[in-house]
Amino acid sequence: MCGILGVVATSPVNQLLYDGLLVLQHRGQDAAGIATAESDRFFMHKGPGLVRDVFRTRNMRTLAGNWGIGHARYPTAGSAFSAAEAQPFYVNSPFGLLLAHNGNLTNSEALKREIFLADRRHINTNSDSEVLLNVLAHELEAAATGPRLDDAAVFRAVAGVHRRCRGAYAVVAMIAGYGLLAFRDPYGIRPLVIGRREGPGAAAAEWLLASESVALDTLGFRLLRDVAPGEAVLIDMDGHFRSRQCAEKTVAAPCMFEYVYLARPDSIMDGVPVYEARLKMGEFLAEKLKRALPRAGIDVVIPIPDSSRPSALEMAQRLGLPYREGFVKNRYIGRTFIMPGQGTRKRSVRQKLNTIHQEFRGKSVLLVDDSIVRGTTSKEIVAMAREAGAVRVYMASAAPPVRHANVYGIDMPTRKELIAGERDEAEVCREIGADGLLYQDLDDLEAAVRALNPSLQFFETSCFDGCYITGDITAEYLSGVESRRADAKDQALSNETADSGGQLDLNLIDQEE
């Protein structure tokens, strides 16, 4: 899960990209980067940390030009500790390319070998995004018939990317002297939306592509539609928009976890308002609770901030129970689910949340969370509720049990790290210390989202059911993912992090200035 932006405007875009990344900061807190272009020259600055920490006034001044891309990184491939893997990535041939990617390639290791042996290209980091960039570069070189590109060649290159790459990818890329390219994998697993606003006076229209529609709203763009699975969008430097379907076969199957947790509630993805989807999840979960725990004697419904609030609110209404805020969130602590390292996540829970004791004292409480992944947060929260005086603590999850690795861009790669990976629901309940546990049924979760866009017949739900929609995930692959993750954890614990080499900062600015 990362946040990406691409813009073509009629005035400098450095501030617009910065503001857009702030809005998408929830999608990645490990690193951030912005690249712009003026004439045929690229300008880029990127580094580890939050958006507000990566960019200073001196950095922003160097980002000249009326079009560019931005990226907020959440590490799913490569190292969470390597500054070299901040995006965008750059390659100078052919034509000059910059790329930012949200997702995860499932055949990146095979592609690395292929790129070296057949394409004669060197990959300098462990990031699958650099692999994707070099695949695109090779396909552009093969598609071009001379020193100049045309639209047909660009679309042929994207078709070549679709043929070679497997997994999830939403991409924004810059082609020097030509324009902004964006495309989405043939399953549409990771989101990408298109926005437009009219330029000042008689100027051409301005275009913004983003991971979530909330970026369009806050920056004054009108949501047009989603980039379709397999589709490529090309916008030249004068603001002329073209698009083409570049995949031979497509199936719309957006990631269900976007609706459950990842996306902001004020976003719309694939025609589904996220807030309304979470209300629907609460509606279905309330009906299940009536059947499963009819004599629980619950006094109050309390959400675990923030993503679960709509589901908890709808549950309380359907059950005829009071809805109360029982936890206060420290907003200066990052989301524990996307923090590298289990120890960091565990220490962070009590720093992030504090109880309002009077909402728990002497009551039987129903705590509602969007999902239960590793269980670290749930276990600590149940304990906090008891310490605040709750006599009974029930837990409800708006999502089904997370039992399987996600290989499409969410950092939950090993079953051993998932509390439900090798436990049934009763065992999970005991492990987190609750008096009762209720999970959403997968059929109900799909029905909740589909009710808002009936055209969505399929979803990417592998972390719940173990069915990988791209069809290329084997037991050997999952074992390799688990092994690489264990190696990465050992490396982090021993502080043997990657050096800061690799992709260079085109501005060559000293980070310590």
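Me: What is the accessible surface of the protein chain, and what share belongs to carbon and sulfur atoms?
Reply: The accessible surface comes to about 20000 Å², and 49% of that belongs to carbon and sulfur atoms. The model is a predicted one.

Me: How many helices and strands does the protein chain have?
Reply: There are 16 helices and 21 strands in the protein chain.

Me: What share of the residues in the protein chain is buried?
Reply: Of the 513 residues, 59% are buried. A residue is counted as buried when its relative accessible area is under 20%.

Me: Why is C165 called buried?
Reply: C165 has a relative accessibility of 3%. The limit for buried is under 20%, so C165 counts as buried at 3%.

Me: What makes C463 count as buried?
Reply: The relative accessibility of C463 is 3%.

Me: Which residues have the most contacts inside the largest nonpolar core?
Reply: They are F257, Y259 and M281, in a core of 39 residues. At least two residues of this core come from each of α8 (256-262), α9 (274-292), α14 (442-450), α15 (462-465) and α16 (475-493). With six residues, α8 gives the most to this core. Another core lies apart from it and has 36 residues, including L99, V135, L149 and F183.

Me: Where is I298, and why is I298 called buried?
Reply: I298 is in the loop between α9 and β16 (300-303). The relative accessible area of I298 is 13%. Buried means under 20%, so I298 is buried at 13%.

Me: Which residues is I298 in contact with, leaving aside neighbours within four places in sequence?
Reply: I298 is in contact with L289, L321, S364, V365, L366 and Y394.

Me: How many residues apart in sequence are I298 and R392?
Reply: I298 and R392 are 94 residues apart in sequence, and their C-alpha atoms are 8.4 Å apart in space.

Me: What share of the contacts with a separation of 6 or more joins residues 24 or more positions apart?
Reply: In the protein chain, 71% of the contacts with a separation of 6 or more are between residues 24 or more positions apart.

Key
Residues are numbered from 1 along each chain as its sequence is written. This is a predicted model: local features need pLDDT of at least 70, side-chain atom pairs count only at pLDDT 80 or more; totals for chains, interfaces and linings use all residues. Side-chain values use heavy atoms; hydrogens and water are left out. Buried means under 20% relative accessible area, exposed over 50%, partly exposed in between (1.4 Å probe, protein chains only). Helices (H or I, at least four residues) and strands (E, at least two) are DSSP runs, numbered from the N terminus. Contact means heavy atoms within 4.5 Å. Accessible areas come from the Shrake-Rupley method with a 1.4 Å probe; for residues, only the protein chains shown count as cover. A nonpolar core is a set of buried Ala, Val, Leu, Ile, Met, Phe, Trp, Tyr and Cys residues joined through side-chain atoms within 4.5 Å.
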